[in-house]
Amino acid sequence: MSKEPSIEEAIERAKRAQEDRINAIRGVGEARQNLADVREVTERELAELQAKITERVREAERADVKAYNAALSAGWSVDELRKIGYAEPEKKKRTRRRSSGRSSLSTTSARPASAPSESGPVDATVNGGEGPSVGA
């Protein structure tokens, strides 16, 4: 039979086992904190990089529009440039589409839907409810 440990030995073994468990928890805590720190730094770096890339693309788009406009100012037409292989700059196209969409919307929405058309019948409430005037 094996000899049972003394009380002091048993307590010492228990303390070592607890220390190992506590150290394991300390390791998990440190790893989790490190992970949170790395994620935070990485998100910040990613945001900064995205901002730099966005600005770089904006600068290139502005340069493209400027060069295209310089070609137009030099006497090239849009059709000639298109035939050569240079369509309008993407940035310019988007702006043009947006503004042309608004102008067509404003002309159609200027007249209310309930307003009579020039060639259609006249509402009886016009001219004080007397109906359309005849022969005037």
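Confidence is highest in helix α1, at a mean of 97, and lowest in helix α3, residues 90–109, at 55. That is pLDDT, the predictor's confidence in each residue, from 0 to 100. The chain as a whole averages 80, and 65% of the residues score at least 70. Where pLDDT is low, the predicted coordinates should not be read in detail.

Two housekeeping sentences. This is a predicted model, in which local features need pLDDT of at least 70 and side-chain atom pairs count only at pLDDT 80 or more, while totals for chains, interfaces and linings use all residues. Residues are numbered from 1 along each chain as its sequence is written, and side-chain values use heavy atoms, with hydrogens and water left out.

Now the fold. The chain has three helices and zero strands, in the order α-α-α along the sequence. Helices here are DSSP runs of H or I with at least four residues, strands are runs of E with at least two, and both are numbered from the N terminus.

Helix α1 covers residues 7–73. How far apart are the end C-alpha atoms of α1? They are 98 Å apart, which agrees with the 99 Å that its 67 residues should span at 1.5 Å a residue. The expected span is 1.5 Å times one less than the number of residues. Just after α1, Gly-75 takes a positive phi of about 115°.

Next, burial. Of the 136 residues in the chain, 5% are buried. Buried means under 20% relative accessible area, exposed means over 50%, and partly exposed lies in between, with a 1.4 Å probe and protein chains only. Val-65, Tyr-68 and Ala-71 are buried residues in α1. Ala-63 is also found in α1, but counts as partly exposed at 44% relative accessibility. Its C-alpha lies 10.0 Å from that of Pro-89, 26 residues away in sequence.

For the chain totals, the accessible surface comes to about 12000 Å², and carbon and sulfur atoms hold 55% of that. These areas come from the Shrake-Rupley method with a 1.4 Å probe; for residues, only the protein chains shown count as cover. Among contacts with a separation of 6 or more, 23% join residues 24 or more positions apart, a contact being heavy atoms within 4.5 Å.

On to the salt bridges. The rule is a side-chain nitrogen of Lys or Arg within 4 Å of a carboxyl oxygen of Asp or Glu, and the count comes to four. Which residues form a network of salt bridges? Glu-55, Arg-58 and Arg-62 are linked in this way. Glu-55 pairs with Arg-58, the closest N and O atoms being 3.5 Å apart, and with Arg-62 at 3.0 Å, N to O. Arg-58 and Glu-55 are three residues apart in α1, so about one helical turn separates them. The general point is that an α-helix has 3.6 residues a turn, so residues three or four places apart point the same way.

Helix α2, residues 78–84, holds Asp-79 and Arg-82, three residues apart and separated by about one helical turn. Their side chains meet in a salt bridge at 2.9 Å, N to O. Asp-79 is partly exposed at 46%, and Arg-82 likewise at 44%.

Last, a surface feature. Leu-49, Ile-53 and Val-57 make a nonpolar surface patch of about 240 Å². Patches are made of residues with over 30% relative accessible area and no salt bridge, where like charges are joined within 9 Å and nonpolar side chains (Val, Leu, Ile, Met, Phe, Trp, Tyr) within 5 Å. Leu-49 sits in α1 and is partly exposed, with a relative accessible area of 44%.
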